[in-house]
Amino acid sequence: MSGRDQIPLLDVRNLTKYFAVRGGLLRRVVAQVRAVDGVSLSIGKGRTYGLVGESGCGKSTLGRAILRLHEPTSGEVLLDGHDILKLRRSELIDRRRRMQVIFQDPFASLSPRRTVAQIIREPLDVHRIGTAAEREERVIALLDDVGMGAEIRDRYPHEFSGGQRQRIGIARALALEPDFIVADEPVSALDVSVQSQVLNLIAGLKKTRGIAFLFISHDLAVIQHVSDEIGVMYLGRLVEHALVDDLYAAPKHPYTKALMSAIPIPDPKTKRSRIILKGDVPSPMNPPSGCPFHTRCPDVMEICRSVVPATINVGRKDLPHHVSCHLYS
């Protein structure tokens with residue numbers, strides 16, 4: 001059974017997250033930052049959905065809104081068909097056992113005052129899982145799962161490299177045996193030589209444990225290595241979505257094509273025509289009318305300036321390839 005035939009583990013529907021901008025003596029709301037603006041996606045069990053886009057496009061905010069680390073403004077987040085946005089905080093605590101996060105910066109996400117064992121054991125302590133002895137056994141097993149030995153359990157984060165710290169963070173995320181993990185740029189702060197080790201570790205966990213991942217990155221080469229499906233995000237919206245092979249073989253949206261053209265080619269004899277986007281990303285506090293990309297698009301048409309493009313399927317029915325662009329409508 002393909003990932004398309006499975007009932008999705010996670011189903012995000014028209015999710016929005018606006019941040020209020022306050023000003024004046026009375027601190028009234030004077031504007032809204034549209035960080036996430038009507039995003040829909042689904043992820044099947046054991047699948048990885050890669051989310052890519054420039055810095056500031058709303059990728060990390062989307063991941064945190066799904067987990068309710070940021071409370072969404074509107075929309076639905078269905079986990080096994082149950083909308084977690086409607087849960088009371090006491091009910092949400094139990095659901096959080098199934099959803100975890102791997103943060104971008106392994107130097108900031110681990111408490112310098114706690115030992116490795118305390119960091120990994122903390123989720124087990126909070127949810128009161130097992131006896132003290134069983135928790136200790138679980139910590140040792142998790143360290144082994146991420147390729148680190150039990151002898152480091154009493155050491156502190158500052159004694160480790162960036163890659164080792166990220167492995168500790170991954171062990172903490174695995175402590176509650178989650179079904180879904182948001183991996184928020186988990187290798188962007190690491191040396192290139194260490195990135196592949198962490199990526200292979202994540203790929204192995206997906207295969208052996210059946211964990212679904214939302215893998216956030218600005219690096220299209222990394223996204224291709226780990227993902228089953230890819231969503232391309234621009235100014236808070238998904239502009240293209242397809243299976244990884246389809247997207248890389250035939251990108252449709254002009255923004256996706258520009259991102260693809262920037263991927264380095266290891267063969268110096270092979271040349272690629274680079275698409276240079278002019279101008280800066282518009283402010284999400286005052287997004288342009290019509291298509292959000294029209295201010296930088298090399299293929300802009302008059303309709304793009306006033307009409308928001310609908311999302312349509314330009315692929316096959318069994319292998320959909322969705323794009324939001326007037327070039328295909």
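**Note on the predicted model**

1. Arg128 sits in the loop between helix H3 (116-126) and helix H4 (132-145). Helices here are DSSP runs of H or I with at least four residues, strands are E runs of at least two, and numbering starts from the N terminus. Phi of Arg128 is positive, about 55°, although the residue is not a glycine. Arg128 is exposed, with 73% relative accessibility (over 50% is exposed, under 20% buried, in between partly exposed; 1.4 Å probe, protein chains only).

2. Glu177 occupies the loop between helix H5 (162-174) and strand E7 (180-184). Its phi is also positive, near 55°, in a residue other than glycine. At 56% relative accessibility, Glu177 counts as exposed.

3. The model is predicted: local features need pLDDT of at least 70, side-chain atom pairs count only at 80 or more, and totals for chains, interfaces and linings use all residues. Residues are numbered from 1 along each chain as its sequence is written, and side-chain values use heavy atoms, without hydrogens and water.

4. Mean pLDDT (the predictor's confidence in each residue, from 0 to 100) is 91 for the protein chain, and 98% of the residues score at least 70. Residues 1-5 stay under 50, with 8 contacts beyond four places in sequence (heavy atoms within 4.5 Å). Where pLDDT is low, the predicted coordinates should not be read in detail.

5. The protein chain has 9 helices and 12 strands. Its radius of gyration is 21 Å, close to the 20 Å of the globule rule for 329 residues, so it is as compact as a globular protein of that length. The radius is taken over C-alpha atoms; the rule is 2.2 Å times the number of residues to the power 0.38. Buried residues make up 48% of the 329.
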